[in-house]
Each structure stands twice: as C-alpha cells, then as structure tokens.
Amino acid sequence: GRQRTRAKAFDHVAKLTAEAGPFERLALAHGDAGDLDALLARLEGIECDTEIMTADIGPVVGTHGGPGIIGVCWIRRA
C-alpha cells in the first residue's frame with residue numbers, strides 16, 4: 001500500500017521494522033531529514049543489541065531520493 005502522509009509512512013516503516021526484529025544492529029540513513037527524530041521515536045523499544053545508529057546519505061544516493069529521504073537498515077540477530 002501507499003501511505004499518503006509522512007506520519008503514516010513513519011508508522012508503517014516502524015511496524016515493518018518491529019516485525020523484522022530482533023536485531024544485532026539497526027541504523028537510519030537520511031538525506032537532510034529534519035524529522036528524523038520522529039521516526040527514531042517510533043522505533044524506541046525495538047529489540048536491538050546496540051544503540052540505533054544514524055548516518056547521512058551521500059550526494060550520489062541523495063540525488064535520486066531527494067531531500068528528506070530516510071532509509072532503515074538492519075542486521076538481524078543470528
């Protein structure tokens with residue numbers, strides 16, 4: 001499905017992420033996303049062995065995604 005608002009998209013991504021856990025590592029990569037903290041708040045409480053990392057998306061990927069893009073990356077617990 002398609003979420004029509006950013007808040008609904010964050011809820012959907014948080015739900016999918018929680019269902020995929022538990023994690024060894026979890027990270028968010030973003031391209032100048034001012035609302036990154038909103039997604040981080042939705043991911044609180046997800047079982048992960050380390051603190052959630054954040055990283056910037058570089059200009060090559062950022063050019064395709066545009067400003068405000070956020071990606072969730074993880075390594076599942078073995």
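Colleague: How many aromatic pairs does a search of the whole structure find?

Modeller: This is a predicted model, in which local features need pLDDT of at least 70, side-chain atom pairs count only at pLDDT 80 or more, and totals for chains, interfaces and linings use all residues. Residues are numbered from 1 along each chain as its sequence is written, and side-chain values use heavy atoms, with hydrogens and water left out. Rings of Phe, Tyr and Trp (its six-membered ring) pair if their centres lie within 6.5 Å, and planes under 30 degrees apart count as stacked, over 60 as edge-to-face and the rest as tilted. On that basis, the number of aromatic pairs found in the whole structure is 1.

Colleague: Are the rings of F23 and W74 stacked, edge-to-face or tilted?

Modeller: The ring centres of F23 and W74 are 5.2 Å apart. Because their planes stand at 40°, the pair is tilted.

Colleague: Is F23 buried or exposed?

Modeller: Buried means under 20% relative accessible area, exposed over 50%, and partly exposed in between (1.4 Å probe, protein chains only). W74 has 33% and is partly exposed. F23 has a relative accessible area of 0%, so F23 is buried.

Colleague: In which strand does W74 lie?

Modeller: Strands (E, at least two residues) and helices (H or I, at least four) are DSSP runs, numbered from the N terminus. F23 belongs to strand β1 (residues 23-30), and the pair ties together parts that are 51 residues apart in sequence, because W74 lies in strand β3 (residues 70-76).
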